[in-house]
Amino acid sequence: MTVILFCRTAIAGIIPSPQSRTFCNGYFTLDPRTAISADTASAPLAIYLQEYLPIMGFCGQLFTAQAIVMQVDPELAEEAYRLSVQPERIEITGGGYGGVFNGIQTLFQLLPSDVYAKQLQLPVKIACQKIEDAPRYSYRGQHLDVARTWMDESRVKRYIDFISYHKINKLHFHLTDDEGWRIEIRSHPELATIGGFRGGDSPIRAIYGKWDEKYGGYFTQDEIKELIAYAAIRNVEIIPEIDLPGHSRTIARIHPEILCNYTPDTAPSNGYDERSAWCVAREENYALLEDILTEVCELFPSKYIHIGGDEVQMEQWMRCPDCRALMQREGMSDPAQLQRLFMTRMMAILEKNGKYPAVWNEAIRGGQLPQQSRVHGWENLKACREATSQGYRTVVMPGEYFYFDMRQSAHEPGHNWAAIFDARKVYSFDPASLGFTAAEIKHIEGFEGAFWSEIPVSQHPETPDYTDYMLFPRVCALAERCWNENPPAWEEFYRTLTGSHYDRMSAMGIRFRLSPPAVSFRDGVLQAGTDDGSALFYRLETDSVWSPYQGPIRTDHPERYLFESRKGSGQSPEVGAPQFYRTIQPPVRITSSMPAGSKSPFARAEQYKAFARTTRTCRPGDWVLFSFDNPVRCREIFVQTGYLQLPRLIFNSGYAEVSYDGQNFEQAGALEQGSITIRPEGCPVYAIRITATCPDNGSSSVIIQPLRIKP
Ligand code: TNX
């Protein structure tokens, strides 16, 4: 009989939480003499385990007195496992290799967090217990876009480590896009050697990133093989994506002949060609596509190959005489049917190579796809239900829950098109309570988080911290939801997260995000607090030095203060009191050397309703003038060209000037990523002018945002 004892010492929670856990009497003592024993199926895991635990060598089937015994028991489901900690041994029994790996991850979470830093000090006592566990879904995914931001092998391995610690078992590897081609294709080496780099003298224009500097990279097939092997040891399957037929501007720069058969008007935009999709009617295209996909199929062991299908701008096909003729021949009325025709041909190539297709959800809109197709529902919940209700095996990743490129609160960086949300919302994701019917739920293969990387490349070129910050702890919440159908209440999860998991992530080396501190201002007193035991710091907005927060701050100027908190390698966003964010909208007139587009004229931005967009790209000397009807006294004016979230369609380089008298202009500094903050310190501002110094911006127009003025 097992005696169930409730922990005498606090035992850290496990993320994702196991299905069942019972404590027994006694301890296992892990010390340097502990041996590892593994059967043939789990042998690679003995080596993996030894990387983390400073214990005796791998002992094959030989059992010493004290051992960690790993084995496969086919009676269990493939990824299920039993972890039994007894005074003499630890047994990890998995249904298959993946099950044993999952058991090891749970064992890691029973140890001090130093295990992740490979700095575990022995001996360590582990309370005797039995854990029986199995995943809710066989597909627990994380997507990584290495096309927009180049991430090399070591960075990708780092993310494979991080997700595998959370029992995520699929890496959806986004390898090609409009801004980069990251995989060597041996029959067409130019795709990667040219398409892996943009900016500078590369024909791949930089529409965001480092603009003038040529930079990037790609994976050789040998490097890919190494990544596949590295991931496989960690029970992660890499599913490659070649994004087709849209998102193909990179390959089209190298092989313009693949595009639709018309000449776009590129004069006003310095040669920017709006076409980004493969022409469906050009028969030669299919030979090139077959070359590419065949190599991809041969390289990756995954049964599924993702062939894209998202966001195709079908006007291109409608303008193409050949595509139109094809539609007519085939009796098609909708260009979505053309997309289906294209996808069907891709699927035939995959089938020839023994693979199944994975596609983005739009691809099912032109008619039925083969039943074994895997559909990634991304646009929103409705799109996910559309796929499940048609019986497709569906990976559920609606933007408003699982797009980790979305910002986590209003004033943080990131996109906001799908939603603004943090880990708590990810954690709340439950198909049944979100309207999926029982029949639809049956077709859910699992969940996936997405990380699109156009924003990091714009903001922090090639630094990994932003990706860490956006992914964690949202991935932890995703992992819990993928793993456990009945996860603990959020409050309990948050306690584990802040209690022990923040330490684990620090030891893993993840620069994760902490919840923003709560900041208030009342009766002349500014106060800040946190709910996660993190340390608080504050600074004046004009000062880059942070000081420890030691208690309430008395001030007449709450709008000047910012707070942040830190714990381990985690960091919160900078947070001000509501006063910090307050803006004013004094009347202003916008004029420019560039004509305004009729759909988004300067008058809109003037009235602070939306951005303005020019009809052509910028040239050196092009200017935009903001003149105030009445001089404005304020502490800060933020001038921004380009999209809010994404420095794109900006003045790639340029400078700003301010007029404090309505006649003369003074230099105010260079634009950075198309933007500048001007601090007039209360002097009346009559006008601001920005001037471009770049030959164009790699795109077809410039966007001018309304001024953001802080009183
Ligand atoms: C939509 S999601 C895209 C990506 C962008 C992303 C930004 C999808 C299939 N297409 O190309 O990077 O939005 O959130």
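**Helix α3.** I looked up which residues of α3 are buried (under 20% relative accessible area, with a 1.4 Å probe and protein chains only). Glu153, Arg155, Val156, Lys157, Tyr159, Ile160, Asp161, Phe162, Ile163, Ser164 and Tyr165 are. That makes 11 of 13 residues, so I noted α3 as mostly covered. Helices here are DSSP runs of H or I, at least four residues, numbered from the N terminus.

**Source notes.** I am reading a predicted model, where local features need pLDDT of at least 70, side-chain atom pairs count only at pLDDT 80 or more, and totals for chains, interfaces and linings use all residues. Residues are numbered from 1 along each chain as its sequence is written, and side-chain values use heavy atoms, without hydrogens and water.

**Length of α3.** I checked the span of residues 153–165. The expected span is 1.5 Å times one less than the number of residues. Just after α3, I found lysine 167 with a positive phi of about 65 degrees.

**Ligand.** I looked for polar contacts (N or O pairs within 3.5 Å). A ligand oxygen lies 2.8 Å from a side-chain N or O atom of tryptophan 417. For glutamate 454, the distance to a ligand oxygen is 2.9 Å. A polar side-chain atom of glutamate 311 is 3.0 Å from a ligand nitrogen. The ligand alone exposes 360 Å², and the protein buries 95% of that (Shrake-Rupley method, 1.4 Å probe).

Conventions. Helix = DSSP H or I, 4+ residues; strand = E, 2+ residues; numbered from the N terminus. Buried < 20%, exposed > 50% of the residue type's maximum accessible area, 1.4 Å probe, protein only. Polar contact = N/O pair within 3.5 Å; in protein donor to acceptor, adjacent residues only side chain to side chain.
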